[in-house]
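Student: Please put up the entry we are to go through. I would like to work from the overall fold down to single residues.

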Amino acid sequence: MENKVVIDGKTLTISKFGAKEGWKMVRKLAVLFGPALAKLTDDDYSGAVEKVLSKLPEEEFMFLLEQLTGSCLVDGAKYSEVHLSDYMFTIKVMKAVMEHNFSDFFSPIKKAMAGLGND
């Protein structure tokens with residue numbers, strides 16, 4: 001099942017992860033975002049980002065970023081280095097991918113992240 005959403009004027013087509021890949025991702029995201037959730041509920045986005053990034057070595061962060069952005073197309077094309085270099089766009093994309101794939105499991109996190117990436 002795919003979902004189409006427009007982010008910053010670009011049409012994003014997001015695919016669902018397979019079951020096994022999805023469960024691995026759920027585990028990883030729960031470990032990462034669990035400690036950051038308190039920061040998010042206090043609207044301390046920089047604190048939440050710091051918590052997440054401090055728990056994830058650089059190589060693992062880049063792998064997670066590739067996994068999340070690899071499940072979508074931007075205006076019909078594969079996610080590219082050009083898109084990746086637009087940091088706020090990439091954050092919004094990661095949020096949209098997580099919402100599409102895990103909204104039922106991470107609904108409390110989704111509510112806490114509602115303001116993330118909104119101008």
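Predicted model: local features only at pLDDT ≥ 70, side-chain atom pairs only at ≥ 80, totals over all residues.

Tutor: Residues are numbered from 1 along each chain as its sequence is written, and side-chain values use heavy atoms, with hydrogens and water left out.

Student: What pattern does the protein chain follow along the sequence?

Tutor: Helices (H or I, at least four residues) and strands (E, at least two) are DSSP runs, numbered from the N terminus. The protein chain has six helices and four strands. Read in sequence order, the pattern is β-β-α-α-α-β-β-α-α-α.

Student: What percentage of the 119 residues in the protein chain is buried?

Tutor: Buried means under 20% relative accessible area, exposed over 50%, and partly exposed in between (1.4 Å probe, protein chains only). With that cut-off, the buried share of the 119 residues is 37%.

Student: Which strands are the edge strands?

Tutor: Two strands pair if DSSP finds at least two bridges between them. The four strands form an open sheet in the order β1-β2-β3-β4, with antiparallel pairing. Those that pair on one side only are the edge strands, β1 (2-7) and β4 (77-78).

Student: How many bridges join β1 to β2, and which residue of β2 is the bridge partner of Lys4?

Tutor: β1 and β2 form a hairpin with two residues between them, and Asp8 in the turn has a positive phi of about 50 degrees. The strands run antiparallel, β2 covers residues 10-15, and the number of bridges to β1 is six. Asn3 has Ile14 as its bridge partner in β2. For Lys4 the bridge partner is Thr13.

Student: Which residue in β3 stands opposite Leu12?

Tutor: β2 and β3 run antiparallel and are joined by three bridges. In β3, the residue opposite Leu12 is Val74.

Student: At about what angle to β2 does α5 run?

Tutor: Axes are lines fitted to C-alpha atoms, for helices over the stretch in contact, and angles run from 0 to 180 degrees between N-to-C directions. Contact means heavy atoms within 4.5 Å. Helix α5 (residues 87-102) lies across β1, β2 and β3 (72-74), and its angle to β2 is about 40 degrees.

Student: How are α3 and α5 placed relative to each other, roughly parallel or roughly perpendicular?

Tutor: Helix α3 (residues 58-69) has twelve residues. The axes of α3 and α5 come within 9 Å and cross at roughly 65 degrees, with contact made by Leu65, Leu68 and Thr69 of α3 and Thr90, Val93, Met94, Val97 and Met98 of α5. Angles under 35 degrees count as roughly parallel, over 145 as roughly antiparallel, 65 to 115 as roughly perpendicular and the rest as oblique. The two helices are therefore roughly perpendicular.

Student: Is His100 buried or exposed?

Tutor: His100 is in helix α5. Leaving aside neighbours within four places in sequence, His100 is in contact with Met1, Glu2, Asn3, Ile14, Ser15 and Lys16. Its relative accessibility is 10%, so His100 counts as buried.

Student: Which residues does Leu56 touch, not counting residues up to four places away in sequence?

Tutor: Leu56 is in the loop between α2 (45-54) and α3, and is buried with a relative accessible area of 8%. Leu56 and Lys28 are 28 residues apart in sequence and 9.9 Å apart in space, C-alpha to C-alpha. With residues up to four places away left out, Leu56 touches Leu32, Phe61 and Leu64.

Note on methods. Expected span 1.5 Å × (residues − 1).
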